[in-house]
Amino acid sequence: YNRLAMSMENDIREMRVLAAEYRAADASRQSRRQRLQNIGADFKPIGYLETLATETGLVGRIESLTPVSVSTSDTEGLSMFDLRLSQLTLDQLVRFLNGLENGDKGFFVMTLQIKPRYLNPDILDVSMRVASPQPTA
C-alpha cells in the first residue's frame, strides 16, 4: 500500500509540473497569436527588416535582402527572405536577432550561417533565411 501511495504522489507531482508547462506554453502561444493579429495587409516585410537593421546599428551592413519563393507544406503561409549581413560584431548580430525574433511581426530565423573573417575573427559575415507569417487581408 505504501509503494502505491508513493507512486501515486509522484504521478500527481509530475502531472502538476506538466500542467504548469502546458499553461506556460499556452500563454506563450496566445501572446504570439495576439502579436500576429497586429500584422495588416499593408505590412512590408523588407521595409521592416531594413528598419530593424537600422535600429540595431547595422546601417550599411545589409549586403543583400531577397524574397524567397519556395513552396512546400512546411513553408505554406510564410513570407521568407534570404538576408546577408557583412562586417558585424557578435554583439550587433545578437541585438539584431533578438529584435527580429522578439518583435511584434512574428519573424523567426529558419537558417543561420556565421563566418568569422580570416584576418579578424571578431568580425562576422552572416547569411540567414528568415520568415514571418504572410499578412492577412
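In this predicted model, the side chains of arginine 95 and aspartate 91 form a salt bridge, in which the closest N and O atoms are 3.2 Å apart. Both residues belong to helix H3 (residues 90-102), where a separation of 4 residues corresponds to about one turn of the helix. Arginine 95 has a relative accessible area of 39% and is therefore partly exposed, since this class lies between the limits of 20% and 50%.

A second salt bridge brings together arginine 129 and aspartate 82, with an N to O distance of 2.8 Å. This pair connects distant parts of the chain, for aspartate 82 lies in strand S2 (residues 78-88) and arginine 129 in strand S4 (residues 124-133), 47 residues apart. Arginine 129, at a relative accessible area of 24%, is partly exposed, and aspartate 82 is likewise partly exposed, at 26%. A further salt bridge joins aspartate 125 to arginine 117 at 2.7 Å, N to O; here aspartate 125 is partly exposed at 24% relative accessibility, and arginine 117 is partly exposed at 30%. Side chains of opposite charge can pair when their charged atoms come close. The total count of salt bridges is 4.

These pairs are set within a chain of 3 helices and 4 strands, which follow one another along the sequence in the pattern α-α-β-β-α-β-β. Of the contacts between residues at least 6 apart in sequence, 63% join residues at least 24 apart. Buried residues account for 26% of the 137 residues, while the chain exposes about 9,500 Å², of which carbon and sulfur atoms supply 53%.

Methods
Residues numbered from 1 in each chain as written. Predicted model: local features only at pLDDT ≥ 70, side-chain atom pairs only at ≥ 80, totals over all residues. Heavy atoms only, no water. Helix = DSSP H or I, 4+ residues; strand = E, 2+ residues; numbered from the N terminus. Buried < 20%, exposed > 50% of the residue type's maximum accessible area, 1.4 Å probe, protein only. Contact = heavy atoms within 4.5 Å. Areas by Shrake-Rupley, 256 points an atom, 1.4 Å probe, with all protein chains shown as cover.
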